[in-house]
Amino acid sequence: LWAKLSKKEANDIETIQRSIVHHVTTTLARAAYNMDNFSAYQAVALSTRDRLISRWNETQGQLSKIDPKRVYYLSLEFLLGRSMDNALLNMGLKGTYDKSIEKLGFNMEDIIESEVDAALGNGGLGRLAACYMDSLATLDYPAWGYGLRYNYGIFQQRIVDGYQTEYPDYWLNFDNPWELARLDISIQIGFGGHVQTTQDEYGVTRHNWVPGQSVQAIAYDVPIPGYDTENCNNIRLWRSKPTRVFDLTSFNEGNYEKSVEDATNAEKITSVLYPNDNTMAGKELRLKQQYFWTAASLHDIVRRFKKSMREWSDFPDQVAIQLNDTHPTLAIVELQRLLVDEEMLSWDDAWEIVTKTFAFTNHTVLPEAMEKWSVPMFEYLLPRHLQIIFDINLFFLQKVEKKVPNDRGLLNRMSIIEEAQPQQIRMAHLAVVGSHKVNGVAALHSNLIKTTIFKDFVEYYGEEKFINMTNGVTPRRWLHQSNPQLSALITQTLGNDKWLKDLSLLKGLAAKTGDAAFRKKWMTIKRNNKVRLAELIKERCQVEVSPDALFDVQVKRIHEYKRQFMNILSVIHRYRTIKSMTAAQKASVQPRVVIFGGKAAPGYYIAKLVIKLINSVAAVVNQDPAVGDLLKVVFIPDYNVSVAEVIVPASDISQHISTAGTEASGTSNMKFVLNGGLIIGTLDGANVEILEEVGEDNIFIFGCMAHEVEDIRHAQRYRGVPMDPALQGVISAIEKGTFEDPKIFQPLISTLTVGKDFYLISSDFASYIAANQQVDAAYKKQEEWSKKSILCTAHMGKFSSDRSVKEYADEIWNIKPYSVEDEG
Ligand code: 26M
């Protein structure tokens with residue numbers, strides 16, 4: 001019946017109202033008069049879901065017939081956030097739903113707040129995957145994501161006595177309307193056991209892996225609708241379940257307890273997202289997750305390929321697989337195993353297919369983030385895969401030796417196996433060797449990896465294999481959805497909404513900086529967004545802040561390299577400066593609200609102390625009558641995607657202040673500038689390219705450059721840390737007990753004083769303070785500031801994830817858009 005309804009009929013207000021009421025009375029089994037906000041949300045979500053499913057079916061049905069080359073984006077993280085608002089906007093149904101809901105006596109904005117975030121990611125890497133899925137769907141590329149369906153997403157953060165405490169994020173508590181359980185799609189995944197070696201009839205050695213245990217992978221599909229297209233792509237998330245065979249064996253042996261234990265162990269695999277960001281955990285369960293996921297995904301991809309009855313050599317013409325960091329690198333080994341052991345291809349034929357299929361994105365140069373797996377643990381879980389890795393390494397090193405004879409040091413450095421006690425598998429080396437393209441995520445970062453971690457590989461393979469793909473963000477979620485007033489103003493000003501699919505059109509706004517009436521509208525919207533954020537701050541932090549103050553934001557994972565510590569130290573400096581002023585001097589101070597947010601990995605002691613320091617400083621500053629509204633400090637707890645959607649549009653200035661060369665790209669920098677927020681930052685990651693686009697008048701740059709970092713560290717090691725005088729004053733204030741018991745913060749202060757200051761806070765401090773003073777001065781000239789703000793948005797065209805995804809499609813995946821026929 002659905003297919004037979006014309007689109008117009010299916011999407012008029014009355015039909016939608018009826019579908020909402022239908023879901024309340026049948027799916028939710030409630031009386032229509034007995035509807036609260038939450039059941040209204042559920043019913044609207046189910047009605048939206050119906051429309052999503054019909055697009056999903058149409059798209060995937062047509063795709064099976066055309067059978068074009070597809071790209072598969074393998075990511076352990078998809079940080080999607082909420083879905084309802086996004087789905088309605090992308091499908092062009094928001095207006096109709098708004099009205100339908102209103103007529104039923106509800107308000108869309110309230111209903112939206114009932115949805116929990118899908119927080120299946122830690123930070124930048126997971127959110128990037130979500131933005132890329134939006135762009136792939138919008139640009140009509142045939143693309144699927146593959147990931148894990150964690151029962152628990154990233155932990156919820158609460159602040160108790162100023163400290164972070166973690167709570168489980170059981171996001172599936174009330175059914176998830178945004179997934180389709182595919183209980184019929186179930187794949188057996190093996191672990192452990194041993195390898196049988198036999199000779200076949202031609203005397204060729206055959207390897208057959210006999211796993212000791214197995215678990216089932218069940219598919220859950222998450223529809224991803226494109227904006228302004230009928231196309232609807234898919235993210236397939238795997239859930240682990242015990243296999244029936246296994247239950248029965250233990251049960252029949254009369255060991256009921258063991259069968260339950262096996263079942264629990266099987267379900268554990270997809271239980272929880274590891275909450276680390278840019279650090280390697282090295283846990284066995286994490287390796288199990290990685291193999292479970294890559295094996296299930298590859299099995300699915302190969303099954304789809306086999307349906308088309310093509311030759312194996314056509315595989316790379318039908319399939320491109322992108323590895324989001326090293327987390328899915330086992331897919332390389334698994335495909336080689338399937339082709340050699342199960343499909344009986346020769347090693348060399350198989351390896352050619354494998355390397356033409358995979359490409360690898362690197363997201364970090366931090367040594368502590370580099371994935372390594374201990375050989376003994378790996379052998380116990382995946383004995384056949386270990387043999388294959390050793391063979392890949394052997395053949396690879398033989399070729400290196402042939403090209404560069406007699407260089408043991410080189411072989412040692414390039415080897416996939418690190419000769420430590422015990423031996424370690426270097427996943428980044430395996431990913432480079434098994435892929436045809438390797439990319440960094442911003443120009444500076446891509447150059448950096450070519451001269452540091454992958455230097456030897458660039459010399460061996462040549463420059464062409466190592467490319468840059470500067471990150472991007474989706475303007476649908478990060479402007480149209482999160483900042484509806486600004487989106488409407490832009491559409492009105494440019495005459496249409498084409499900019500939402502071609503972000504370079506924003507440059508048309510540049511001509512409007514001279515129009516005082518336009519500037520006023522622009523700044524009024526910013527103020528409205530600040531009022532909304534002030535309400536959120538009141539609710540979550542019980543602090544009142546003035547929307548007329550400068551809103552200064554740093555929201556991102558808490559990490560030493562991101563230097564939230566430097567930010568709060570500069571806030572203390574600001575506090576001390578204000579305290580030393582006369583009333584007359586205070587009159588000229590630019591009032592500022594300093595806003596922090598972000599989670600620390602639960603085991604990251606120093607990062608957690610930074611949160612405590614921020615809260616201790618906030619407690620003192622916010623109640624100091626000598627300061628009043630000149631300075632407020634807040635830490636917004638439980639920063640996540642839906643909170644970001646409130647914060648990003650409300651920022652005047654945001655902080656992207658990592659030590660140069662440490663932040664691969666950053667993506668929130670792009671979101672803030674897109675929303676007319678200026679940024680203060682170092683010459684790091686994508687900040688460099690943002691500077692190129694907006695020009696030096698519209699960004700505040702400070703600090704040393706990436707190529708200077710090594711020399712500064714070297715000098716510090718030999719001459720000690722020369723402490724900046726302003727910083728010295730700040731440290732003394734902490735040590736005197738201005739903010740709680742100073743003993744608490746001693747380990748934090750030690751990172752600056754005992755030997756190293758690895759992230760160069762002291763050497764960048766003076767220029768950071770100076771840059772912040774420039775911000776104050778610039779903000780006071782409101783007319784000039786409004787022009788800067790407009791120019792920022794106008795020059796952000798490059799940073800749409802549509803641009804990024806198109807570059808990947810053209811330069812790595814070799815895939816083309818296809819068009820879904822609208823049969824509505
Ligand atoms: C590793 C091992 C065990 C458990 C977790 C991890 C892990 C998880 C996430 C390691 C790294 C993770 O993410 C790294 C990340 O988010 N990197 C960021 O990627 C963004 C998108 O490219 C960049 O913009 C950021 O600069 C970069 O820090």
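## Around the ligand

Start with the shell around the ligand: by class, it has eight nonpolar, twelve polar and three charged residues. Keep in mind as you read on that this is a predicted model.

Which residues come nearest to the ligand? Of the 23 residues around it, they are Gly-124, Leu-125, Tyr-274, Asn-276 and Ser-665. If you sort the shell by element, helix 7 (residues 124-138) gives the largest share, with three residues.

Follow the chain on from helix 7 and you get to Asp-140, which sits in the loop between helix 7 and strand 4 (143-148). Asp-140 isn't a glycine, yet its phi is positive, at about 60°.

How many bridges join strand 12 to strand 13? There are four, and the two strands run parallel. To find your way along the pair, look for Ile-321, whose bridge partner in strand 13 is Phe-358.

Trp-373 has Ile-425 as its bridge partner in strand 16.

What is the peptide bond from Gln-421 to Pro-422, cis or trans? That bond is cis, with omega near -5°. You'll find Pro-422 in the loop between strand 15 and strand 16.

## Where helix 2 meets helix 3

Now for a helix pair. The axes of helix 2 (residues 13-27) and helix 3 (residues 37-66) come within 8 Å and cross at roughly 115°. As for handedness, helix 2 passes helix 3 in a right-handed crossing.

On the helix 2 side, the contact is made by Ile-16, Ser-19, Ile-20, His-23, Val-24 and Thr-27. Facing them from helix 3 are Ser-39, Ala-43, Val-44, Leu-46, Ser-47 and Asp-50. The residues of this contact divide into six nonpolar, five polar and one charged. The numbering of such contacts has a simple background: an α-helix has 3.6 residues a turn, so residues three or four places apart point the same way.

## A length check on helix 10

Why does the length of helix 10 (residues 284-307) agree with what you'd expect? At 1.5 Å a residue, its 24 residues should span 34 Å, and the end C-alpha atoms are 35 Å apart, so the two values agree. The expected span uses 1.5 Å times one less than the number of residues.

Just after helix 10 comes Met-309, with a positive phi of about 55°.

Conventions: Residues numbered from 1 in each chain as written. Predicted model: local features only at pLDDT ≥ 70, side-chain atom pairs only at ≥ 80, totals over all residues. Near = placed C-beta within 6 Å. Nonpolar A, V, L, I, M, F, W, Y, C, P; charged D, E, K, R; others polar. Pairing = 2+ DSSP bridges. Axes fitted to C-alpha atoms, helices over the stretch in contact; angles between N-to-C directions. Left-handed = near helix turned anticlockwise from the far one by under 90°. Contact = placed C-beta atoms within 7 Å.
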